[in-house]
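This report describes one structure for a reader who has not seen it before. Please look at the sequence and the model first.

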Amino acid sequence: MPLEFYYNLISQPCWAIWIFLKLRGIPYTGRHVNVLTDYLKSDEFSKVNPRQQIPVIVDDGFVLTESTAIMKYLAVRYNAPDHWYPADVRKQAKVDEYLAWHNLNTRPFAMKVFHMEGLLTKLTGEPVSEKALSTAVEELEETLCLLEKTFLQEKNFLCSDDITIADVMAICELMQPLGAGRDVFKKWPKLQAWKEKVEDAVGRQLFMETHKEIYEMPQVVGPFPQATALIKFVRKITGLTA
Ligand SMILES: N[C@@H](CCC(=O)N[C@@H](CS)C(=O)NCC(=O)O)C(=O)O
């Protein structure tokens with residue numbers, strides 16, 4: 001059986017894997033997970049991932065969660081060209097270095113801004129507090145500054161002059177706030193130029209296709225009963241209570 005991929009395209013970690021599977025032509029069966037229901041909490045899904053989150057892959061009975069681990073696994077297992085996740089120990093360590101930082105910086109701060117400005121507002125119909133949003137935006141700006149000055153620097157991509165899985169992980173998080181109308185690249189011309197290089201490397205059509213669901217979200221989502229689980233999850237992540 002081809003590799004199974006549990007996903008939903010409103011999830012940024014799923015985007016990165018989706019892009020990589022398509023780009024590398026890795027055969028897979030998509031298992032779309034509706035995050036607006038309690039399916040993630042169901043016994044059936046808990047058997048696949050007891051931590052009840054997507055993305056998950058199942059490759060010939062081998063179950064793997066955590067998007068960064070999945071990206072590395074796919075690159076090695078499916079023989080991606082070396083630049084994606086280099087075999088050279090030091091080059092590989094630079095990719096790992098970014099991915100460790102990514103999980104504690106790019107991901108939470110970009111996600112928080114999008115969840116506050118986009119998702120929560122769309123789901124509840126109410127704006128979030130301006131103070132909470134401006135703090136989240138400040139945190140994201142600090143992250144962008146570090147991303148440009150300490151990772152990208154003068155290179156073409158974050159970890160080397162060639163694209164790696166780190167670039168795909170990073171771009172997917174940063175494209176998300178754009179779905180709520182916030183262009184995070186505006187103040188950062190080097191990051192903007194990097195975004196265009198990633199887009200070119202991935203292919204613009206695939207790049208935009210991946211993000212379509214989030215960008216079309218205003219028409220898709222509105223206050224409705226099934227949104228309760230998602231609202232709870234978004235509030236947990238943003239630290240907003242009411
Ligand atoms: N660290 C995980 C995070 C995965 C994650 O946050 N998944 C979200 C969707 S974006 C999810 O399944 N949330 C459901 C929940 O936690 O209840 C990864 O990188 O794969």
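In which loop is Glu66 found? Glu66 sits in the loop between β4 (62-65) and α3 (67-77); helices (H or I, at least four residues) and strands (E, at least two) are DSSP runs, numbered from the N terminus. The model is predicted: local features need pLDDT of at least 70, side-chain atom pairs count only at pLDDT 80 or more, and totals for chains, interfaces and linings use all residues. Residues are numbered from 1 along each chain as its sequence is written.

| Residue | Phi | Other C-beta atoms within 10 Å |
|---|---|---|
| Glu66 | about 75 degrees | 16 |
| Asn79 | near 50 degrees | 10 |

Glu66 is partly exposed, whereas Asn79 is exposed. A residue is buried with 20 or more other C-beta atoms within 10 Å of its own, exposed with 12 or fewer, and partly exposed in between, with C-beta atoms placed from the backbone. Asn79 lies in the loop between α3 and α4 (89-104).

Another loop, between α2 (43-48) and β3 (56-59), holds Pro55. The peptide bond from Ile54 to Pro55 is cis, with omega near 5 degrees.

The strands come next. An open sheet of 4 strands has the order β2-β1-β3-β4, with mixed pairing; two strands pair if DSSP finds at least two bridges between them. At the edges stand β2 (28-32) and β4, each with a single partner strand, so one side of each has no neighbour in the sheet. Strand β1 (residues 3-7) runs parallel to β2 and is joined to it by 5 bridges. Tyr6 has Arg31 in β2 as its bridge partner.
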